[in-house]
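Subject: Structure for you to look at

Hi,

Here is the structure I promised to send over. Have a look at it first, and then read on for what I found.

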Amino acid sequence: MDIVLFGKPGVGKGTQAPKLGEALGVPTIATGDVLRQARREGTPMGREAQKYMDEGKLVPDSVILGIMKEALAGDGARKGAVLDGVVRTPPQAEGLVQVLKDLGRRVDAVLFFDAPDEEIVRRLSGRTVCEKCQTPYTGRQAGDTCTKPGCGGTLVRRADDDPAAIRTRLETFERETAPVLAWYRGHGTPVHTIDAVGAVDEVTRRALGALGR
Ligand code: AMP
């Protein structure tokens, strides 16, 4: 089962993705995580992506399509994947169709996580992430320790979670990413809107319910 998680930055996709992946028995693919890892390793892709990411702009589609191809063709993703933040422009949606088609698959559903802007800005302004496993936290401080079993990494603030970059990311979403939803609706892919306000487990239940699980 290949599921696209869609929604504004900070709506909770990164929190929900591993929970949904576990429930569905498929891995999570998050382009943001892949790009941050590439930056840490100083690869050419990481160096190219850096300037876009820090300003809250989108990395070029060609880079994202390369990541999609490699990740989806990987052994771990043979039964499908939960795609977190992977499709952010209509050309990426089109590219994903081709990548999955070559593997005999298609996007089975889009989960559109929805929350008001005030809630999103509040979450992003208070967010920390584990620098080792990338788990996001709200209400924890930079310097705290990740509580995910077996991790123990240090929580940090993301460079693009500062107020100026948050504003740019929300504008970028409206201008470049929001049309993706219309693209999926126009191409007959089931799109389920999930109310993303509430306890984490409750939102997971809503998402699984929408998928008939
Ligand atoms: P995220 O962790 O999903 O919030 O992504 C962090 C940043 O990585 C974004 O603000 C973009 O600069 C870049 N990025 C991640 N995924 C994509 C994508 N599918 N298309 C373009 N840029 C992306």
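**Around the ligand**

Helix α2 (residues 31-41) supplies the largest share of the shell around the ligand, with four residues. Please keep in mind as you read that this is a predicted model. The ligand is surrounded by 16 residues, and the closest are T31, R36, K57, V86 and R88. By type, the residues of that shell divide into six nonpolar, four polar and six charged.

Which atoms of R36, V86 and R88 come up against the ligand? For R36, a polar side-chain atom lies 2.9 Å from an oxygen atom of the ligand. R88 also uses a polar side-chain atom, 2.8 Å from a nitrogen atom of the ligand. With V86 the backbone is involved: one of its polar backbone atoms is 2.9 Å from a nitrogen atom of the ligand. The ligand taken alone exposes 480 Å², and the protein buries 94% of that.

**The nonpolar cores**

The largest nonpolar core has 29 residues, and L72, L96 and Y184 touch the most other members. Two or more residues come from each of β1 (2-6), α3 (44-55), α4 (61-73), β3 (81-84), α5 (90-102), β4 (109-114) and α8 (179-186). Which of these elements gives the most to the core? It is α4, with five residues. As general background, nonpolar side chains in soluble globular proteins tend to be buried together.

Leaving out residues up to four places away in sequence, Y184 touches V4, V87, A93, L96, V107, V110, T189 and V191.

**Some loop residues**

T189, one of the residues touched by Y184, sits in the loop between α8 and β8 (191-195). Is T189 buried or exposed? T189 is buried, because its relative accessible area is 14%, under the 20% cut-off. Not counting residues up to four places away in sequence, T189 touches V107, A109, V110 and Y184.

D160 is in the loop between β7 (155-156) and α7 (163-177). D160 has 9% relative accessibility and so counts as buried. The D160 side chain makes a polar contact with the side chain of R158, at 2.9 Å. Setting aside neighbours within four places in sequence, D160 is also in contact with M53, A165, I166 and R169.

Q134 deserves a look for its backbone. Its phi is near 75°, a positive value in a residue other than glycine. For context, most residues other than glycine have a negative phi. Q134 is found in the loop between β5 (127-130) and β6 (136-138), and with a relative accessible area of 12% Q134 is buried.

**A residue in α9**

Lastly, G209 is found in helix α9 (residues 200-210). G209 has a relative accessible area of 43%, so G209 is partly exposed. How many residues separate G209 and K19 in sequence, and what is the C-alpha to C-alpha distance? They are 190 residues apart in sequence and 13 Å apart in space.

Happy to talk any of this through when you have had a look.

Best wishes

How values were computed
Residues are numbered from 1 along each chain as its sequence is written. This is a predicted model: local features need pLDDT of at least 70, side-chain atom pairs count only at pLDDT 80 or more; totals for chains, interfaces and linings use all residues. Side-chain values use heavy atoms; hydrogens and water are left out. Buried means under 20% relative accessible area, exposed over 50%, partly exposed in between (1.4 Å probe, protein chains only). A polar contact is a pair of N or O atoms within 3.5 Å; within protein, one must be able to donate a hydrogen and the other to accept it, and residues adjacent in sequence count only if both atoms are side-chain atoms. Contact means heavy atoms within 4.5 Å. A residue is near a molecule or strand if one of its heavy atoms lies within 4 Å of it. Accessible areas come from the Shrake-Rupley method with a 1.4 Å probe; for residues, only the protein chains shown count as cover. Ala, Val, Leu, Ile, Met, Phe, Trp, Tyr, Cys and Pro count as nonpolar, Asp, Glu, Lys and Arg as charged, and the others, Gly among them, as polar. A nonpolar core is a set of buried Ala, Val, Leu, Ile, Met, Phe, Trp, Tyr and Cys residues joined through side-chain atoms within 4.5 Å.
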